[in-house]
Amino acid sequence: MKLYTYFRSGAAWRVRIGLHWKGVDFESVPIDLRKGGQAAAEWLARNPQGLLPGLELDDGTLLTQSLAILEWLEETRPEQPFLPQEPVARARVRAVALAIGADMHPVQNLGVLKRVEALTDAETARRWAHDTVARGLQSVEGLVGRNPGPFAFGAEPTLADILIVPQLFNARRFGVDLKPFPRVLEIEAAASALPAFQAAHPDAQPDAD
Ligand SMILES: N[C@@H](CCC(=O)N[C@@H](CS)C(=O)NCC(=O)O)C(=O)O
């Protein structure tokens with residue numbers, strides 16, 4: 001299996017955590033977002049969305065969209081689950097994952113920030129990213145706040161934690177104060193002790209600076 005990835009891509013980071021969590025062997029194929037590799041004709045021919053990540057299966061099939069890839073992983077490798085069995089519990093975990101993956105991250109990704117900057121200026125783009133992430137984390141803190149820790153839904157990590165950890169990296173890049181989000185910070189501390197999360201961290205990637 002090959003993962004088309006970039007070390008600082010939050011969406012690729014989610015998939016790296018999932019692959020390591022499930023113990024799947026994969027080769028990392030870096031695409032440099034800073035050099036516009038996502039918009040190169042060769043990559044667009046594979047993924048017309050021009051986004052990372054992409055997971056190429058051994059038969060050449062390319063899967064895209066991090067949440068679709070993670071759901072595929074869960075369906076094909078049910079051992080070490082990252083979704084609970086009970087339907088309401090599954091829906092609640094997915095709600096946190098979507099609060100980040102559908103509502104927060106898409107409006108602060110590289111392409112959107114470049115567009116905001118082109119229409120306004122760099123400082124407005126920075127404030128847009130900062131405010132979007134700060135507001136989004138406030139709601140995530142509320143969604144997981146009453147659950148037992150140390151992870152978002154108790155003693156074991158779930159899909160929710162897989163999305164929360166990379167989003168915090170972006171939050172720090174945008175200068176968001178994380179002190180108001182103690183549950184989210186507790187989750188990050190617990191996750192960073194796990195080998196799967198350590199192996200997926202940007203600093204551990206072959207294309208890291
Ligand atoms: N919803 C997509 C988001 C993918 C995405 O935004 N990827 C970013 C990197 S984290 C990207 O490729 N950005 C390039 C760009 O915006 O031009 C997913 O979850 O896979």
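Begin by selecting the boundary between the two domains, where 11 residues of domain 1 are in contact with 12 residues of domain 2. On the side of domain 1 that touches domain 2, helices H1 and H3 are the elements that give two or more residues. H1 supplies the largest share of that side, with 7 residues. By class, the residues on this side of domain 1 comprise 6 nonpolar, 4 polar and 1 charged. The model under view is a predicted one.

**The two domains**

Next, colour the domains separately. Domain 1 covers residues 2-80, and domain 2 covers residues 87-196. Their C-alpha centres are 20 Å apart.

**The ligand**

Now select the ligand and the residues around it. The shell holds 15 residues, and those that come nearest are Ser9, Leu51, Ser66, Asn109 and Gly111. Sorted by class, the shell has 7 nonpolar residues, 8 polar residues and no charged ones.

**Helices H5 and H6**

Proceed to helix H5, residues 110-119, and helix H6, residues 122-144. Their axes come within 7 Å and cross at roughly 140°. An angle over 145 degrees would count as roughly antiparallel; H5 and H6 are therefore oblique to each other. The crossing of H5 with H6 is right-handed. To display the contact, select Leu113, Val116 and Glu117 in H5, together with Ala122, Thr124, Ala125, Trp128 and Ala129 in H6. This contact of H5 with H6 consists of 6 nonpolar residues, 1 polar residue and 1 charged residue.

**Helices H6 and H7**

The axes of H6 and H7 come within 11 Å and cross at roughly 150°. How are H6 and H7 oriented to each other? They are roughly antiparallel as a consequence of that angle, and their crossing is left-handed. On the H6 side, show Val133, Leu137, Val140 and Val144; these meet Ala160, Ile164, Asn170 and Ala171 of H7. The contact of H6 with H7 includes 7 nonpolar residues and 1 polar residue, with no charged residues.

**Backbone details in the loops**

First, select Leu52 and Pro53, which are joined by a cis peptide bond with omega of about 5°. Pro53 belongs to the loop between helix H2 (41-46) and strand E3 (54-56).

Then move to Gln65, in the loop between strand E4 (62-64) and H3.

Finally, select Gly149 and Pro150. A cis peptide bond links Gly149 to Pro150, and its omega is about 0°.

Conventions
Residues numbered from 1 in each chain as written. Predicted model: local features only at pLDDT ≥ 70, side-chain atom pairs only at ≥ 80, totals over all residues. Axes fitted to C-alpha atoms, helices over the stretch in contact; angles between N-to-C directions. Helix = DSSP H or I, 4+ residues; strand = E, 2+ residues; numbered from the N terminus. Parallel < 35°, antiparallel > 145°, perpendicular 65-115°, else oblique. Left-handed = near helix turned anticlockwise from the far one by under 90°. Contact = placed C-beta atoms within 7 Å. Nonpolar A, V, L, I, M, F, W, Y, C, P; charged D, E, K, R; others polar. Near = placed C-beta within 6 Å. Domains from an automatic or database assignment.
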